[in-house]
Amino acid sequence: TFLMSFTVHFVRKAGSATLFYVLGGLFAFSINDLGVIGVDKILMLGSAGIVFEIVFLIFKIEVKNIQFDIITGTALSAAAIPVIMAFMLSTEVAMNMIVAFINLTLLSFLVGVAGSVLSFMLWHQLRTIKMVLRFEYS
């Protein structure tokens, strides 16, 4: 979530988060780290990227240079990953273990908030560097 949020800060274009997630799914195609492998992983991460893009495009909230649309989108897309994974693997298991499922979703949401806040803090420090300004405005 940190790198995805930093990519969105850096590129500032719609679709960058979905592209980041899909490329991450392609690079980790055969690794069983999220419970699913192959095309299911790409679909799951692509869906999480679409959740981010919907929030990013609908909510354009910025207060004193803090972009709450990126923070909210990152947190909701991170929380969407366990939800999508649970429905891809087995809805019965997810419903039988509802407390653990809710805890995992809330933990993912908080990790998304933390990652996006940290990426904003890094971006806030790097945004005035000459190389970054040249990349943004060229």
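**Reading the labels of a predicted model**

Modeller: Arg 127 is placed in the loop between α6 (98–126) and α7 (130–137). The model is a predicted one, in which local features need pLDDT of at least 70 and side-chain atom pairs count only at pLDDT 80 or more, while totals for chains, interfaces and linings use all residues. Residues are numbered from 1 along each chain as its sequence is written, and side-chain values use heavy atoms, with hydrogens and water left out.

Biologist: Why is Arg 127 called partly exposed?

Modeller: Its relative accessible area is 28%. Buried means under 20%, exposed means over 50%, and partly exposed lies in between (1.4 Å probe, protein chains only). The value of 28% falls in between, so Arg 127 is partly exposed.

Biologist: Where is His 9 placed, and what makes it count as buried?

Modeller: His 9 belongs to helix α1; a helix here is a DSSP run of H or I with at least four residues, and helices are numbered from the N terminus. The relative accessibility of His 9 is 1%, which is under the limit for buried, so the label applies. In sequence, His 9 and Arg 127 are 118 residues apart, yet in space their C-alpha atoms are 9.3 Å apart.

Biologist: Why is the link between the side chains of His 9 and Gln 67 called a polar contact?

Modeller: The two side chains are joined at 3.2 Å. A polar contact is a pair of N or O atoms within 3.5 Å; within protein, one must be able to donate a hydrogen and the other to accept it, and residues adjacent in sequence count only if both atoms are side-chain atoms. The distance of 3.2 Å is within the limit, so it meets the cut-off.

Biologist: What makes Asp 69 and Lys 60 a salt bridge?

Modeller: Their closest N and O atoms are 3.9 Å apart. A salt bridge is a side-chain nitrogen of Lys or Arg within 4 Å of a carboxyl oxygen of Asp or Glu, so the pair qualifies. The structure holds one salt bridge. Asp 69 is buried at 6%, whereas Lys 60 is exposed at 54%.

Biologist: Over the face of which residue does Lys 60 lie?

Modeller: Lys 60 lies over the face of Phe 56, 3.7 Å from the ring centre. The rule asks for NZ of Lys or CZ of Arg within 6 Å of the ring centre and within 35 degrees of the ring normal.

Definitions and conventions
Helices (H or I, at least four residues) and strands (E, at least two) are DSSP runs, numbered from the N terminus.
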